[in-house]
Amino acid sequence: MRRRTLALVPLVALALASTACDETSDTDIDLDATTTVPTSIVVDPSLFLGDVPCSAASGAMQSYVATVLDVTDVSAPFPLPSSPPITCTASVIFRQILVGHAYRVQIDGYDVPAAELTPIGGSSSGSRSMVRRAAPAAGTVAPVWSTFCEDLTAQKNVRSTPKTCEELAPLSTETGVLVNPRATLAGTSAIPGLELTCTQASLDPLGNPVITGDVASFDVRPTDPALAPLVNLPCTSPAPAPYTQNIKPGQSYGFRVEARAVAGGPVTWGASCTALAVEGLVVHALCDPLSKDGALDLSLADVFAAAGTSCAKENVVTYDAVLGAPGDLEADAIDCSKPIRFTPIAPGAYADIKLVGRDAAGAVAVTATCTAEIAPGAVSTATCTLTP
C-alpha cells in the first residue's frame, strides 16, 4: 500500500461551533505575533488525497470529516469529537489534545459539498455520522472513501501533524473492519530502509534463484470468537476482504497478526491491531509494528485471593518478581498494588516465574510460582499458584 509523506502548509484558524477543532483558510498565521502555539493536531488534505481529485466534478472528493482517536492505551482506543464536514481544500485543527498522549487520525471522504452536510445531533455534537442538511430525516450519508494516518504523540505548545497517511480506500455502506496485515511492516525498524519487507523471488545475472525480503505469509486472528481467523495470507497479496459479518457499531475489536518467514513455518513476528466499528463504514484496523519479542504482565491479585490476604501496610507491601529461564529478568520492591510488565522479552515457555510478597519489614509474607507462554508481538498474562 502506498504511503505519502508531505510537509505541513501554513494555516490560519477560524472559530467553528465544534469544540473539538477549527477549520482553516488559506491565509498564513503570524505565529511570531502570538505568545504560545496551543498544543494541537493539524490534519491537511494534502496528506491523504493522493490520486483522488478534490473538486466539484462528478466522482471527485468534495468534503471530509476527520476523527482523532486517543490510542495511548492501545487496547482501549477512544475517539475525540469529530470535525464538522470540511471542504477538501481546507485543513482542520484539533485542540482538545493532551500532552504526551498518542493519537491516530481517521478520515471519511464524501462526494458531497461540505455545506450540504451536517453531523447527526447538530454542528456542535462531534458526531462522525453525517446527514444532509436539507433532509436530516432521510438517514445518514455514507462516505465514499476512508483512510487513516500514522500515530503521533502530542507535544506541549506544538502544532503536530501526521507525516504519512495510507492511500484512500473506497468504501461500501456496510459496517465492517478491514485488517491489512502489511500495515504491520511499517515502523519495524528505527533506521529508514531497514524495515521488514515481503519476500520476493528473482533471478541473479547467472539465472540462479534469489529470495529477498523477510515475511512470507500472515495469519490474522480476531480476539472476538464470532469472527473467523484468516490464515496463510501471502505477504505480497492485497488486503483481504473486510470483516462485515458479526461486526457491531460502536464496539472495539482486536486482532493478532502473526507473520512467518516461511509459509507454513513457525511464527517469527507478531503484532496487535485494533478498530472501533462505525455504523455504515468499513474502517481500517490500526496496527502496531511487527516484533519478534513479547511482553509479560504480572501481579499479586490472584495470589492475594488464594492466600486470603491483601495489599495493605499490615499484610503485604511490596513484591519481587523473577522470571527465570529463558529471560532471567527480575524486579524488586514493586508496590503491591501495581502490576508489572516485562518487555521486551524473548518468546518461549516461562515455567518457573517466582513472586515473593513482603511485609513492611521486608519479611516474606506470601510466595507463588507462575507460568506463561510468550508469543512474538503479544502481551501475555502469567498464571500463578500459591506456594507454601
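These are my notes from looking through this predicted model.

**Ground rules.** I number residues from 1 along each chain as its sequence is written, and side-chain values use heavy atoms, with hydrogens and water left out. Since this is a predicted model, local features need pLDDT of at least 70 and side-chain atom pairs count only at pLDDT 80 or more, while totals for chains, interfaces and linings use all residues.

**Whole chain.** I looked up the secondary structure and got 1 helix and 34 strands; helices (H or I, at least four residues) and strands (E, at least two) are DSSP runs, numbered from the N terminus. The C-alpha trace spans about 75 × 65 × 45 Å along its principal axes. Of the 388 residues, 45% are buried, where buried means under 20% relative accessible area, exposed over 50%, and partly exposed in between (1.4 Å probe, protein chains only). The chain exposes about 18300 Å², with carbon and sulfur atoms supplying 56% of it; areas come from the Shrake-Rupley method with a 1.4 Å probe. I also checked contacts (heavy atoms within 4.5 Å). Among those between residues at least 6 apart in sequence, 62% join residues at least 24 apart.

**Cores.** Next I went for the nonpolar cores, sets of buried Ala, Val, Leu, Ile, Met, Phe, Trp, Tyr and Cys residues joined through side-chain atoms within 4.5 Å. Which members of the largest one touch the most others? I found Val177, Val179, Leu185, Val215, Phe218, Phe255 and Leu290, out of 31 residues. Strands β18 (176-178), β21 (217-222), β23 (252-260), β24 (267-276) and β25 (282-284) each give two or more residues to this core. A second, separate core has 26 residues, including Leu49, Leu80, Ile97 and Tyr103.

I then picked out Leu290 from the largest core. Leaving aside residues up to four places away in sequence, Leu290 touches, among others, Leu185, Val215, Phe218, Val257 and Trp269.

The largest pocket has a volume of about 730 Å³. For the terms, I work on a 1 Å grid over the protein atoms alone: a pocket is an open set of points where a 1.4 Å probe fits, with protein on both sides within 12 Å along at least five of seven lines, and lining residues have an atom within 4 Å of a point. The volume is the space filled by probe spheres set on the points, which are joined across faces, edges and corners. I count 28 lining residues, and Val74, Ser272, Asp288, Gly377 and Val379 lie nearest the centre. The lining divides into 11 nonpolar, 11 polar and 6 charged residues. Strands β23, β24, β27 (294-298) and β30 (340-345) supply at least two each.

**Ile340.** I followed β30 to Ile340, which is buried with a relative accessible area of 16%. Asp297 is 43 residues away in sequence, yet the two C-alpha atoms are 5.7 Å apart. Past the residues up to four places away in sequence, Ile340 also touches Leu296, Leu298, Tyr319, Ala331 and Ile334, among its contacts.

Most residues other than glycine have a negative phi, and most peptide bonds are trans. I noted a cis bond from Thr343 to Pro344, with omega near -10°; Pro344 is in β30. Asn232, in strand β22 (residues 230-234), has a positive phi of about 55°. Asn246 has phi near 65° and is found in the loop between β22 and β23. Is Asn246 buried, exposed or partly exposed? Asn246 is partly exposed, at 47% relative accessible area.

Notes. Ala, Val, Leu, Ile, Met, Phe, Trp, Tyr, Cys and Pro count as nonpolar, Asp, Glu, Lys and Arg as charged, and the others, Gly among them, as polar.
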